[in-house]
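Hi everyone, and thanks for making the time. Please bring up the sequence and the model, and we'll walk through the structure together.

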Amino acid sequence: MRDLLSLTKQLVEGRITRRELMKSAAVYGAATATLGAGGLSARAATGPLVGFSFPSFDAFRWPHDRHYFQTRADELGLRYIIQGANEDVATQDTQIDAMLSQGIKVLVIIPVNVEAAKKIVERVKREANIPIISYNYVIPSPAIDYWAARDNYLVGELQAKQALKEAKKGNWALVSGPEGIDVARQKTEGALRVLKPHIDSGEIKIVSHQWHDNWRQESALKQIEDALTKNNNDIQAVVSNEEGLALGALQALTEQGLNGKVWLCGEDVWPEGARAIVRGDMAMSAWTDLIQMGRVTAEAALALTRGEVPKTNEALDVGGKKIPGMRIQSRVVNKETLPDFLKLTDWLKPADIGLKAG
């Protein structure tokens with residue numbers, strides 16, 4: 001609060017502009033949120049300053065991603081400014097502008113919108129010429145210097161292979177995220193690669209496939225309601241890109257008394273999804289090792305400030321330039337593997353999903 005009062009005084013005295021006040025105020029708000037969430041270790045006080053822009057902290061996973069990054073950043077002696085943009089492109093742009101005014105040496109960004117982020121990172125590179133890390137999504141611009149993302153094709157493949165093992169053949173539905181986002185397209189393509197021979201043979205018929213903007217749960221609910229109506233409830237499996245979409249599909253199935261009877265999967269192991277797995281209403285979810293993703297990102301940020309090449313297991317052609325990055329692997333989480341998953345990660349607590357500890 002003292003910092004903001006000082007800034008206001010400087011504005012009144014004409015020593016800073018209103019734009020400079022807004023930039024700095026945004027950053028102070030971001031720093032306060034970060035400190036309140038875990039903070040900067042004493043050892044981190046002298047390290048390079050990293051800006052990490054999140055789309056928001058509303059989704060279940062983002063606070064976990066933040067925690068995993070902060071934990072490794074503290075170990076490495078990094079300082080950081082972390083802020084969420086409330087799913088608004090303009091807010092993300094302004095917050096990043098504010099971070100630049102605070103002298104960040106690296107920008108890590110999870111874009112609110114991938115195409116809009118392309119313009120943001122190109123502006124940052126042009127104006128500040130600092131390294132940029134694209135997190136979770138690969139922003140389609142050669143302005144990025146590194147990326148850390150899940151193997152989205154593998155997620156779809158894991159889901160489809162598990163479905164082929166456990167679900168009845170017949171009428172299936174695919175529930176996909178936004179068509180304009182590579183994550184949704186790649187998960188869907190991964191699933192279809194596995195399913196194609198069975199679709200070609202006629203064993204499986206995809207009776208419903210839709211793309212859903214903003215991963216809208218209610219949109220997935222409507223898709224499956226319509227699919228059930230058109231097919232007289234004759235659907236054997238629903239393969240969903242993401243947990244929220246799966247939960248929307250589950251609501252539609254439950255309304256028809258088909259929960260636990262129609263094979264269903266999601267991705268990210270939300271508490272509601274894990275509880276559905278425990279109940280037997282959802283067959284599986286896929287979980288990406290976000291602990292590794294956060295650690296890799298902090299390590300890459302430090303390496304880039306030193307002019308070093310970060311650890312990489314894949315390079316992608318982005319706008320005619322080879323961009324190094326780290327493809328993070330995923331695992332199947334179902335009723336059988338859920339107890340081990342809980343022991344290996346801090347993602348969920350047993351009590352949160354109706355299981356006893358230990």
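**Starting from one threonine**

Leaving aside residues up to four places away in sequence, Thr-297 touches Phe-69, Val-108, Ile-133, Tyr-135 and Ala-148, where contact means heavy atoms within 4.5 Å. Before we go on, please keep in mind that this is a predicted model, in which local features need pLDDT of at least 70 and side-chain atom pairs count only at pLDDT 80 or more, while totals for chains, interfaces and linings use all residues. Residues are numbered from 1 along each chain as its sequence is written, and side-chain values use heavy atoms, with hydrogens and water left out.

Where does Thr-297 lie? Thr-297 is part of helix H11. Helices here are DSSP runs of H or I with at least four residues, strands are E runs of at least two, and both are numbered from the N terminus. Is Thr-297 buried or exposed? Its relative accessibility is 0%, so Thr-297 counts as buried. The cut-offs are under 20% relative accessible area for buried, over 50% for exposed, and partly exposed in between, using a 1.4 Å probe and protein chains only.

Now for the chain as a whole. There are 12 helices and 13 strands. Of the 358 residues in the chain, 54% are buried. Among contacts with a separation of 6 or more, 72% are between residues 24 or more positions apart.

**A helix beside our helix**

Let's look at what packs against H11. Helix H3, residues 62-76, meets helix H11, residues 290-305, at an angle of about 40°, and their axes are 8 Å apart. The axes are lines fitted to C-alpha atoms, for helices over the stretch in contact, and angles run from 0 to 180 degrees between N-to-C directions. That angle makes H3 oblique to H11; under 35 degrees would be roughly parallel, over 145 roughly antiparallel, and 65 to 115 roughly perpendicular, with the rest counted as oblique.

Which residues make the contact? On the H3 side they include Asp-65, Tyr-68, Phe-69 and Arg-72, and on the H11 side they include Leu-290, Ile-291, Gly-294 and Thr-297.

Two strands pair if DSSP finds at least two bridges between them. As a reminder, strands of a sheet pair through backbone hydrogen bonds, either parallel or antiparallel.

For a parallel pair, look at strand E1, residues 49-54, and strand E3, residues 106-109, which are joined by four bridges. Phe-52 has Val-108 as its bridge partner in E3.

For an antiparallel pair, go to E11 and E12, which five bridges join. Asp-317 stands opposite Lys-322 in E12. The hairpin of these strands has two residues between them, and Gly-319 takes a positive phi near 60° there.

**Two asparagines to find**

Most residues other than glycine have a negative phi. Asn-86, in the loop between E2 and H4, has a positive phi near 55°. At 60% relative accessibility, Asn-86 counts as exposed. Asn-232 also has a positive phi, of about 50°, and sits in the loop between helix H8 (217-230) and strand E8 (237-240). With a relative accessible area of 69%, Asn-232 is exposed.

**One more sheet**

E8 takes us to an open sheet of six strands, ordered E7-E6-E8-E9-E10-E13, with mixed pairing. Its edge strands are E7 (204-211) and E13 (330-334), each pairing on one side only. From one strand to the next, the twist averages 20°. E8 runs parallel to strand E9, residues 263-267, with three bridges joining them, and Val-239 has Cys-265 as its bridge partner in E9.
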